[in-house]
Amino acid sequence: MQDDLRSIAENTGTSFEASSLWSGSIWLSARLAGPRSYSQSYLPPGLHIGVGSANISSFSDRLGGFATSSPVITAMHVPEGGVTFDTHVQPGSAHSFGIHLPPSEDEEQHALVSRIQRAVEGRKLAIIEGPRANQLMRLVAPVEPWFDDASRGLLMQSRALELVASVSALIDGSLEIVARRTEIKHACQVRDLVEEDLSAEHRLDNLARKSSISVRSLTSSFRQTFGESIGQYLIRRRMEEAHRLLSEGLSVNQTAYQVGYKPNALTTAFRRHYGYPPSQLGS
């Protein structure tokens, strides 16, 4: 698992650090900025607990998934055979800290681990959002470079124990079991269709038909999942892509074609979005 996570981190410009806890492993990853990325991550059997923050959507066929741009705590028991999560991370920062304890872990020796496992075993992915997740974001802070190897491992273990204790304390009252919510799945499917071709028209009726739901359900689920309408999302992403292309030296005319605008319309939309015309970046 650590090798898979390390490979993903390298491909997305993310720092990665790993240690051990009992017979399991601990990992810490962070990036201050980065591109949109997609990965298929295999998670081995056992108990997985994590905390992090990113503009992310992640789903598996067996355990469901979630989509959020806020801090979140996750807990799940991966059954025999493991699971694969399809994960999309949008541009920007991403921070996470997590634990994997394999099925061989002696649960009787670790009562808090056993308590969490009993709560999540045989169920879908569980998440905790809100103030409690915000409070635990301190666990994703980078380890200071002046710690030597032994000290770094001890610090990582102390963070892991705090995460275990916190999730165990929350397990009875505040854990929200999130099944594979259909509305989130559809919203992410539409988001991916938009991202495949930002220059396309993307009519709502066409997107709804491809997702096999009504326009009303689609617009509602998209806003609930991503906090903005499909139209707002498309404009924002077109402007971000236009900014990138112009910064790389493309002309306003070339950029307009690639993001689905006529040059004059791009100039108007770009100025409205950024407060200055695209000519300041383009050639």
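Predicted model: local features only at pLDDT ≥ 70, side-chain atom pairs only at ≥ 80, totals over all residues.
In which hand does α2 pass α4 in their crossing?

Residues are numbered from 1 along each chain as its sequence is written, and side-chain values use heavy atoms, with hydrogens and water left out.

**First stop: the sheet**

Select the four strands of an open sheet, ordered β3-β8-β5-β6 with antiparallel pairing. Strands are DSSP runs (E, at least two residues) and helices likewise (H or I, at least four), numbered from the N terminus; two strands pair if DSSP finds at least two bridges between them. At the edges stand β3 (37–43) and β6 (64–68), each with a single partner strand, so one side of each lacks a neighbour in the sheet.

Next, select β3 together with β8 (residues 83–89): seven bridges join them in the antiparallel sense. Within this pair, Q40 has D86 of β8 as its bridge partner.

**Second stop: two helices**

Now select helix α2 (residues 111–120) and helix α4 (residues 149–170), which pack at an angle of about 50° with their axes 9 Å apart. Axes are lines fitted to C-alpha atoms, for helices over the stretch in contact, and angles run from 0 to 180 degrees between N-to-C directions. The crossing of α2 past α4 is left-handed, meaning that the near helix is turned anticlockwise from the far one by less than a right angle.

Finally, display L112, V113, R115 and I116 of α2 with V164, A165, V167 and S168 of α4, which make the contact (heavy atoms within 4.5 Å).
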